[in-house]
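Please look through the following structure with its sequence at hand.

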Amino acid sequence: MSLKEKLPEGHLEENLITFTNLLREKGLSISTPETIDALQALQKIDLLSRDAFKSALQATLVKSRRDQEFFDRLFDYYFAPPEVQRRGAEKAASHKKQFESKMEQACSEMKFKGEALKLNDEELAQYSSMSQEEQKRLQDFMHKTETGVNVKPRFRPVLESVVKSHLRYCRSKSMYEKQNNTNRKDDQTASGPSAGNGAGSGSADAALGEMDIQAIRTTDLPEAEQLLQRLSRKLAIQILRRQRRGPRSGPLDLRRSLRDNMRYGGNIFSLKHKPKRRSRQQILLLCDVSASMKQYSTFVIHFLHGLREAVRDFSCFSFSDNLENMTPDLKSRAGLQHLLDRVIRRSETWGGGTNLGLSLHELMQKHPDLLNGKTSIIVVSDTKTISIDYAVNELNKLKDRVRRIIWLNPLPKEQWPDYRSVGSVAGLVEMWPCNTIVQLEEVLTGRL
Amino acid sequence: MMITLPELKNDFNNVGYICDESTALTVFLSLELQKPLLIEGAPGVGKTEMGKVLADILDTELIRLQCYEGLDETKALYEWNYQRQLLRIQMNRNLEEEQVKEDDLFSGQYLMERPLLKAIQTEERPVLLIDEVDKCDPEFEAFLFEVLSDFQVSIPELGTIKASKIPVVVLTSNNERELSDGLKRRCLYLYLDFPAVENEVQIIKAKVPAAADRLAWETARVVAQLRQHSNIRKKPSIAETLDWARALVSLNRSRLDGKLVSDTLNLVLKTRADQDYFKQEIGPEEIDRILKHGGNGGGLSQCR
């Protein structure tokens with residue numbers, strides 16, 4: 001008896017639909033026709049073979065290498081063999097029991113003058129997940145507060161607020177560490193022996209690409225550099241291909257067509273086209289090199305430096321309270337770490353306040369030859385500057401002299417309304433949030 | 001043209017296309033469900049070869065459409081033979097009894113069929129290989145997935161032409177740009193990676209029978225090792241491995257060593273930067289060490 005006959009009617013379909021829904025929740029775009037394809041594929045294979053079952057679903061539901069990882073993980077979890085499922089259920093029950101007991105303990109420990117603090121489940125769970133040392137530190141603090149001079153029961157809300165705030169901080173800290181550990185684990189997996197043939201590097205790249213650039217550690221810089229090079233090369237190829245002359249590149253050349261067809265008595269047998277205009281654009285990069293911006297700026301410099309073969313002219317300036325031409329420094333093929341060191345070293349006014357207005361003024365005064373209708377200016381800055389009104393004024397003047405200004409802002413978009421400077425600048429330029437390598441690639445692809 | 005999975009696997013082996021179970025099953029499903037197969041992977045892993053091999057296995061015609069920037073319908077689907085139409089008008093101008101009618105000019109006689117139309121019109125189910133689809137423009141890609149979903153095209157002067165036999169469609173992509181969801185949705189997906197050492201040994205043995213077992217293994221092992229270095233930009237493809245193996249055979253070599261790898265490096269590493277990297281960072285000593293200790297590739301014992 002085959003598996004299909006053993007299963008109650010509709011069982012396979014239901015499982016498949018649940019599985020595709022779970023994949024959708026993970027961000028995979030799976031349409032109904034693809035689910036139908038998957039079902040049809042399952043009818044063509046031996047359902048008792050787990051490998052064939054997995055391959056059939058993979059071929060029909062997974063459409064990129066990036067999605068593969070989610071699929072593998074979910075498949076192993078969802079279609080686990082009965083004994084694994086049973087073990088998992090036992091483990092989950094045991095975890096649940098432990099969790100409940102920890103929560104009870106947390107409730108009993110988080111008290112002020114004998115009355116339990118009003119903490120929600122999330123906060124209690126955070127407390128119970130902390131190390132004993134951290135828990136003890138918090139309890140000591142509560143105990144000292146409780147036994148302090150003139151401490152009344154009505155102080156409870158104040159203590160509650162402090163405890164809640166501390167737990168929130170611990171939660172975000174542990175989440176950050178967890179994410180970093182995951183990234184590192186992925187990196188190790190990718191650089192391990194099995195990664196040799198290119199397998200596995202996808203997930204490591206994805207992790208690194210989506211990490212805040214500021215959070216990328218020095219030890220990860222070589223991998224980040226390779227990722228930047230790859231993405232930069234990809235974009236350079238796209239730009240170059242657009243510029244390449246196609247079979248019918250330019251517009252119709254009527255004059256040449258008529259002249260060429262005179263020999264056919266004026267009948268237009270063959271059409272002649274004008275050559276395609278090759279207009280390589282100029283890129284001018286302006287990087288804020290203040291302490292909070294240096295790593296973002298270095299990454300953007302490195303990425304755009306990879307495009308130098310595709311653009312006519314690439315100039316790079318750093319700014320803090322004045323302007324520094326970095327173009328000559330970029331001629332050597334230095335690595336990311338060297339570039340980072342150089343950005344720090346070259347910035348003579350290191351530690352000074354950022355004066356964007358003055359730097360823009362200097363750019364227009366000293367380098368007018370770089371500013372024309374073919375120039376695209378890319379600014380890397382969080383817009384934090386002294387005298388924002390002056391900066392906006394200078395930016396307005398600069399805008400009229402160049403093709404476009406693309407502003408890469410490492411501040412998350414949600415925070416933009418909190419800064420007046422962002423609002424003032426965003427109205428004049430094309431501003432994009434950009435604090436990861438993936439965002440950097442996405443913003444610049446199609447805009448250069 | 002029905003083929004079972006074991007037959008397909010067997011045929012792949014017979015034509016020397018060594019692949020894993022999952023790949024064979026995906027191709028089988030593509031044939032069974034009559035869905036286009038989108039193959040992605042690094043250059044040189046055998047994506048284009050899959051189309052050729054399928055045509056070989058199914059004993060049918062291979063129609064190839066090479067994609068590039070600027071490819072349009074006139075190059076991919078059909079074009080009216082404008083010069084021929086003009087000539088016909090000119091020739092009949094002075095013959096009153098043979099007035100040219102519009103229908104005469106827009107007939108199959110003046111239609112220049114391009115790969116897509118040819119694939120639709122062919123009587124026997126052909127293999128349509130749409131190579132490097134990531135290189136075409138997004139507009140053409142949108143047009144393409146319409147053709148691939150219905151397997152029919154509309155020519156205003158002739159009407160709708162529907163495929164008599166749905167062709168076996170293989171699309172390849174080097175993933176230089178993200179393909180649209182619409183296209184992906186219409187295809188089954190297969191990612192081809194560089195083969196494991198054991199598989200590459202089999203490929204070498206199948207394609208270069210004169211290569212000794214030991215040489216085949218050592219060649220595959222060294223190539224796998226070179227591919228592991230992320231600083232090597234242009235990773236050696238399977239075709240380059242085979243060229244290298246053939247060259248070593250023609251040099252009457254039955255074993256590989258560090259010096260020989262250095263001397264014949266031009267056959268596997270094709271850029272100056274990669275060769276410099278090999279000389280500075282890897283070197284013949286490292287190759288000798290890998291070959292001596294076997295590394296993590298395994299399989300050496302099989303060759304002894």
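Helices (H or I, at least four residues) and strands (E, at least two) are taken here as DSSP runs, numbered from the N terminus. The model is a predicted one, in which local features need pLDDT of at least 70 and side-chain atom pairs count only at pLDDT 80 or more, while totals for chains, interfaces and linings use all residues. Residues are numbered from 1 along each chain as its sequence is written, and chains are lettered from A, with ligands numbered from 1, in the order in which they are written.

B:Leu71 is buried, because 20 other C-beta atoms lie within 10 Å; a residue is called buried if 20 or more other C-beta atoms lie within 10 Å of its own, exposed if 12 or fewer, and partly exposed in between, with C-beta atoms placed from the backbone. Leaving aside neighbours within four places in sequence, B:Leu71 is in contact with B:Ala76, B:Cys136 and B:Phe140, where contact requires that the C-beta atoms of two residues, placed from the backbone, lie within 7 Å. B:Leu71 and B:Lys135 are 64 residues apart in sequence, yet their C-alpha atoms are 9.1 Å apart in space.

Chain A has 18 helices and eight strands, and 28% of its 448 residues count as buried. Within this chain, strand 6 (residues 375-380) has five of its six residues buried, so it is largely enclosed by the rest of the structure. Strand 6 of chain A pairs in the parallel sense with strand 3 (residues 282-288) of chain A over six bridges, and with strand 7 (residues 404-409) of chain A, also in the parallel sense, over five bridges; strands pair if DSSP finds at least two bridges between them. In strand 6 of chain A, A:Val380 stands opposite A:Cys287, whereas A:Ser376 stands opposite A:Arg404 in strand 7 of chain A.

Nonpolar side chains tend to be buried together in soluble globular proteins. A nonpolar core is a set of buried Ala, Val, Leu, Ile, Met, Phe, Trp, Tyr and Cys residues joined through C-beta atoms within 7 Å. The largest such core has 94 residues, of which B:Leu37, B:Val170 and B:Leu171 touch the most other members. Helix 11 of chain B gives the most to this core, with eight residues. Apart from it lies another core, of 52 residues, among them A:Ile216, A:Val380, A:Ala391 and A:Leu395.

Where the chains meet, 31 residues of chain B are in contact with 35 residues of chain A. On the side of chain B that touches chain A, the largest share, seven residues, comes from helix 2 of chain B. The buried residues of helix 2 of chain B include B:Phe28 and B:Leu29, and what covers the buried residues of this helix includes helix 3 (32-43) and helix 4 (50-61) of chain A, together with strand 1 (37-41) of chain B. Helix 2 of chain B is followed by B:Gln34, whose phi is positive, near 55°.
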